[in-house]
Amino acid sequence: MGLITDSGQTQYESERRSQTTDVAISFDGATKSYGSLSSGRKKKKIGPIKLEVKRGEVLGFLGPNGSGKTTCIRMMLGLIRPTSGRVLINGFDPISNHVDALRHVAYSPELPNIQAFLTPQELLSLVSHEIGYGADRPKETIRSRPDEVKRVLELVGLLEYADTKIGKLSKGMVQRLSIAQALIGSPKTLILDEPMIGLDPAGAAHFRSVFQEFASEGGDDTRGTVFMSSHIMSEVESLCTSVAIIHGGRILYQGPVDDVIRNVLDYTMITLEVRELSPQIIERIRQIPGVDEVRPNADGEIDILVRGNSDIRPDLSELIVRSGAKLYTIKSTENMLERAYIEALKKDNGMVR
Amino acid sequence: MQKVSTSGAGSTAEVILTFARYEIKRAIARRKVLVLVAFTVLLDILPYYALSSVGSSRIPSPADPYIWVVGIFGLQPFFLNFTAILIAAGAMSEEYEQGTVELLLSKPVKRQAYFAGKFIGGYLLFLMILALNTILSLGSAYTFFGSQLGLSILPGLFAIQALASLLFYSLAFMLGELIRRSSLAYIFASAAFFASFIISTYIDLIDTLTGTTIYKSIQILLPTSPANSLPILYALPQLPSIIGTVLRFAGGGTAIVPTISLSLAILAAYTISGIVIAALYFQFADISRRVS
């Protein structure tokens with residue numbers, strides 16, 4: 001028998017239930033309506049949202065401003081109630097069972113409004129008390145609370161600002177702190193709302209590796225789950241295993257990154273870094289089924305546009321190697337997710353900003 | 001060190017305590033509390049200095065050993081209630097205005113624990129200011145008028161004053177949660193306080209002129225009545241009769257509500273209503289995003 005939780009279950013039961021489902025986050029037809037005709041404000045509706053994020057999945061949540069991303073995140077966190085449908089986090093309703101739903105879940109808000117009168121150290125200490133850091137583990141098996149605060153401050157590069165008032169920190173530092181408070185206690189699920197905003201390139205690269213490490217280890221034996229809302233497509237493409245595109249309050253596409261790109265676009269792009277490629281071989285590449293266009297790009301590489309879903313890379317590499325040309329790399333063209341994203345919005349109703 | 005997830009959830013009591021400490025720190029960081037403390041110091045020293053310097057024909061000298069009541073009761077009708085309003089009205093609303101509530105409630109904590117922590121934290125801060133008022137009054141009375149008598153009632157009087165101030169504290173706390181704008185919550189809570197005070201005075205006048213009991217009954221039910229009557233009803237029977245003169249001088253000599261039990265009942269009705277309405281609204285309403 002473990003500790004009794006706020007919902008009356010033992011903590012063991014709560015943990016067991018949350019671990020029996022392999023779905024970390026699920027939206028089951030959740031909707032949210034704002035405003036009303038009587039109040040004179042135009043009524044706005046988000047949803048119905050149908051979305052699942054499995055454990056260990058790193059999902060990029062994409063959508064233009066006002067498409068409903070933050071509303072979805074706020075429903076996940078139990079800050080707002082769905083008007084209809086439901087949201088489950090680790091199998092629990094975050095409204096009626098907030099504590100069990102958000103156990104081991106951490107959130108880093110976009111452009112966070114953090115308590116300016118506290119220092120980073122005080123904020124992280126506050127958060128560690130809120131989440132009951134280490135309450136369910138023998139003390140000798142974990143770091144002390146001050147050590148955990150120090151670890152996280154060091155991880156985000158704010159150790160030397162530990163005692164500076166948050167109000168005096170730069171925007172980028174506050175963003176780092178927002179991520180830091182989410183990493184206290186090594187949660188199993190991270191919900192990140194535009195985590196890279198305000199970070200310098202070095203900072204963004206650092207946090208990319210932090211999130212990658214989190215996703216591969218998850219602060220436990222299992223892989224971590226990440227739900228990341230972002231406008232930076234390259235970040236999503238490099239970090240995420242899957243994406244969901246939301247527009248006008250509706251999920252347009254959801255699935256593994258490559259699948260979504262293929263579903264949205266009716267073509268893929270391949271880039272070759274190759275030397276001594278003869279015109280004859282270029283012509284033979286053009287004849288591979290699916291190849292629509294072959295053209296050199298500004299970097300001296302060859303871009304190949306492939307219609308449909310066929311993967312021509314094995315045939316292509318074999319052809320080039322046999323011809324005697326020197327093939328250095330063969331890769332899917334970057335920014336395909338961005339192209340797919342823009343195309344998805346165009347297809348929906350042309351509301352591209 | 002084994003790498004395990006240690007982000008669970010704190011016990012409700014620990015979380016309430018955490019939020020109470022946080023609220024005290026947050027409120028102190030606001031300049032208004034410093035202003036309140038400065039006013040407390042001023043209001044508790046200046047009257048004694050003035051009285052000892054120029055004297056007063058209205059206060060008989062046998063009352064000198066009980067002069068501490070001037071500071072204790074002189075502030076109750078306005079300053080203490082207004083202090084309670086000022087602290088409580090911003091406790092919830094300022095978090096919405098600054099958008100800081102979102103971060104706190106995105107953790108695995110119960111909303112009730114947050115609510116309780118904020119309420120208790122703000123109230124503890126109020127008690128600190130009340131204690132400062134008591135200490136300064138005593139210190140000033142002792143400094144300017146020598147040894148003081150009748151101090152055995154002070155602990156009980158402190159508790160009664162704390163209880164009496166809970167009425168406007170909870171009303172302002174409720175308004176802060178319902179309106180979610182600190183300045184509007186201050187205005188409405190202060191308006192309720194002053195309106196009650198003015199109406200009470202007006203009704204008193206009509207009652208005196210007409211002698212109709214219904215006016216007295218209405219006056220008793222006004223929120224300022226139990227809040228200001230309770231300390232007087234508690235203290236006056238335990239002090240020499242001459243203190244009545246001093247209390248009238250201090251502006252708090254007459255109890256509108258006739259008994260302690262009735263005062264407590266009216267006070268409880270207002271206080272519990274305020275807390276319950278605020279708690280229910282907070283439990284079921286969405287957490288709004290930054291509102292200013």
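Residues are numbered from 1 along each chain as its sequence is written, chains are lettered from A and ligands numbered from 1 in the order in which they are written. Because the model is predicted, local features need pLDDT of at least 70 and side-chain atom pairs count only at pLDDT 80 or more, while totals for chains, interfaces and linings use all residues.

Start with chain A. Twelve helices and 13 strands make up its list of elements. Helices (H or I, at least four residues) and strands (E, at least two) are DSSP runs, numbered from the N terminus. Chain A has 353 residues, and 42% of them count as buried. A residue is buried if 20 or more other C-beta atoms lie within 10 Å of its own, exposed if 12 or fewer, and partly exposed in between; these C-beta atoms are placed from the backbone. Now look at contacts, meaning two residues whose C-beta atoms, placed from the backbone, lie within 7 Å. Among the contacts in chain A with a separation of 6 or more, 66% link residues 24 or more positions apart.

Chain A is assigned two domains. Domain 1 covers 11-37 + 44-259, and domain 2 covers 266-348. Such bounds come from an automatic or database domain assignment. The two domain centres, taken over C-alpha atoms, are separated by 37 Å. Where they touch, domain 1 of chain A supplies twelve residues and domain 2 of chain A supplies seven. On the domain 1 side, the elements giving two or more residues are α8 (233-239), β8 (242-247) and β9 (250-256) of chain A. That side has nine nonpolar, two polar and one charged residues. For these classes, Ala, Val, Leu, Ile, Met, Phe, Trp, Tyr, Cys and Pro count as nonpolar, Asp, Glu, Lys and Arg as charged, and the others, Gly among them, as polar.

Next, find the open sheet of three strands in chain A. Its order is β2-β1-β4, with antiparallel pairing. Two strands pair if DSSP finds at least two bridges between them. β2 (44-54) and β4 (84-89) of chain A stand at the edges with a single partner strand each, so one side of each has no neighbour in the sheet. Direction ignored, neighbouring strands of this sheet are turned by 15° against each other on average. β1 (residues 23-34) of chain A is joined to β4(A) by five bridges, and the two run antiparallel. Here A:Ser26 stands opposite A:Leu88 in β4(A). Helix α2 (residues 69-76) of chain A lies across β1, β2 and β4 of chain A, at about 120° to β1(A). Such angles run from 0 to 180 degrees between N-to-C directions, with axes as lines fitted to C-alpha atoms, for helices over the stretch in contact.

Now move to strand β6 (residues 189-193) of chain A. Is it mostly covered or exposed? Five of the five residues of β6(A) are buried, so it is mostly covered. In a regular strand the side chains alternate between the two faces of the sheet. In β6(A), A:Thr189, A:Ile191 and A:Asp193 point one way, A:Leu190 and A:Leu192 point the other way, and all are buried. β6(A) pairs with β5(A) in the parallel sense over four bridges. Across that pairing, A:Tyr107 stands opposite A:Ile191. β6(A) also runs parallel to β7 (residues 225-229) of chain A, joined by five bridges. There, A:Leu192 stands opposite A:Met228 in β7(A).

For contrast, go to A:Asn349, in the segment after α12 (336-348) of chain A.

Turn to chain B. It has twelve helices and zero strands. Its radius of gyration, taken over C-alpha atoms, is 21 Å, close to the 19 Å that the globule rule (2.2 Å times the number of residues to the power 0.38) gives for 292 residues, so chain B is as compact as a globular protein of that length. Its C-alpha atoms fill a box of roughly 75 × 50 × 30 Å along the principal axes. Buried residues make up 47% of chain B.

Finally, see where the chains meet. Chain A gives 40 residues to the contact and chain B gives 32. On the chain A side, α3 (98-102), β5 (105-108) and α4 (120-130) give two or more residues each. α4(A) gives the most, with four. By class, this side has 19 nonpolar, twelve polar and nine charged residues.
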